[in-house]
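Subject: Structure handover

Hello,

Here is the structure we discussed, with the sequence. My notes on the pocket and the helix packing follow below.

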Amino acid sequence: MKTLFFLFTAFFFVLTGCDDGDSGVKLNEYEEDVFYFTNMARTDPSGYATEYLTPGASNGAYEELSVMTPVAPLEIHEGLTFIAKQHSADLNNNCNKLQHESCDGTSFADRVRPYYSGSIAENAAWNYPTGESVVKGWIEDFNIPSLGHRRNLLNGSYQHIGIGQSGPYVTQDFGGGGE
């Protein structure tokens with residue numbers, strides 16, 4: 001009977017898609033992987049570094065995460081997820097280029113602010129085949145002198161996240177201290 005229940009539950013999960021269990025926000029498999037690997041890097045940075053990064057070849061990420069104090073996992077936020085999904089779809093359907101502004105020129109802050117009242121940040125990427133690879137890309141942050149993507153993803157002052165993927169585009173919107 002337990003096996004039948006497990007099979008039914010697994011089948012139901014596949015049919016209904018992933019959600020975070022609390023807000024009812026649906027994440028596709030790619031987005032769910034982004035959520036998982038983001039929180040893995042935050043809550044076990046040394047373990048993440050050992051498993052996924054190469055010493056001396058990851059733009060300093062291996063060395064940084066190896067000694068980093070873990071921070072709390074992020075929670076899915078309905079508004080941030082809505083706007084992240086909308087931004088990725090906009091880039092995919094209207095711009096066909098990677099940018100933080102909306103295709104109509106709306107700034108990142110003006111786009112996100114109606115959905116979150118605290119501090120905000122955003123990571124955007126394109127053409128990563130898996131959620132695992134895009135998180136690794138943001139953490140390594142090659143060719144980004146500020147290492148802004150890594151800083152956003154590992155910043156302990158953020159408690160909330162929204163994730164959206166459309167075609168080759170993926171967006172993470174972060175929030176801290178707000179609703």
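Please bear in mind that this is a predicted model.

I began with the largest pocket. By class, 8 nonpolar, 3 polar and 2 charged residues make up its lining. That lining comes to 13 residues, around a volume of about 200 Å³. If you want to find the pocket in the viewer, go to Tyr128, Gly137, Asp141, Phe142 and His149, the lining residues that lie nearest its centre. Strand 4 (119-126) contributes at least two residues to the lining, and so does helix 7 (131-140).

Helix 7 also packs against helix 2, which covers residues 29-43. The angle between the two is about 45°, and their axes are 7 Å apart. The crossing is right-handed. On the helix 2 side the contact is made by Tyr30, Asp33, Val34, Phe37, Thr38 and Ala41; on the helix 7 side, by Gly131, Glu132, Val134, Val135, Trp138 and Ile139. Sorted by class, that contact has 8 nonpolar, 2 polar and 2 charged residues.

Helix 2 has a further partner in helix 3 (residues 45-52), with the axes 5 Å apart and an angle of about 120°. These two helices are therefore oblique to each other as well. Here Phe37, Met40, Ala41, Arg42 and Thr43 of helix 2 meet Pro45, Tyr48 and Tyr52 of helix 3. The class count for this contact is 6 nonpolar, 1 polar and 1 charged.

Regards

Methods
Residues are numbered from 1 along each chain as its sequence is written. This is a predicted model: local features need pLDDT of at least 70, side-chain atom pairs count only at pLDDT 80 or more; totals for chains, interfaces and linings use all residues. Side-chain values use heavy atoms; hydrogens and water are left out. On a 1 Å grid over the protein atoms alone, a cavity is a set of points where a 1.4 Å probe fits but cannot get out, and a pocket is an open set with protein on both sides within 12 Å along at least five of seven lines; lining residues have an atom within 4 Å of a point. Grid points are joined across faces, edges and corners, and a volume is the space filled by probe spheres set on the points. Helices (H or I, at least four residues) and strands (E, at least two) are DSSP runs, numbered from the N terminus. Ala, Val, Leu, Ile, Met, Phe, Trp, Tyr, Cys and Pro count as nonpolar, Asp, Glu, Lys and Arg as charged, and the others, Gly among them, as polar. Axes are lines fitted to C-alpha atoms, for helices over the stretch in contact, and angles run from 0 to 180 degrees between N-to-C directions. A crossing is left-handed if the near helix is turned anticlockwise from the far one by less than a right angle, and right-handed if clockwise. Contact means heavy atoms within 4.5 Å. Angles under 35 degrees count as roughly parallel, over 145 as roughly antiparallel, 65 to 115 as roughly perpendicular and the rest as oblique.
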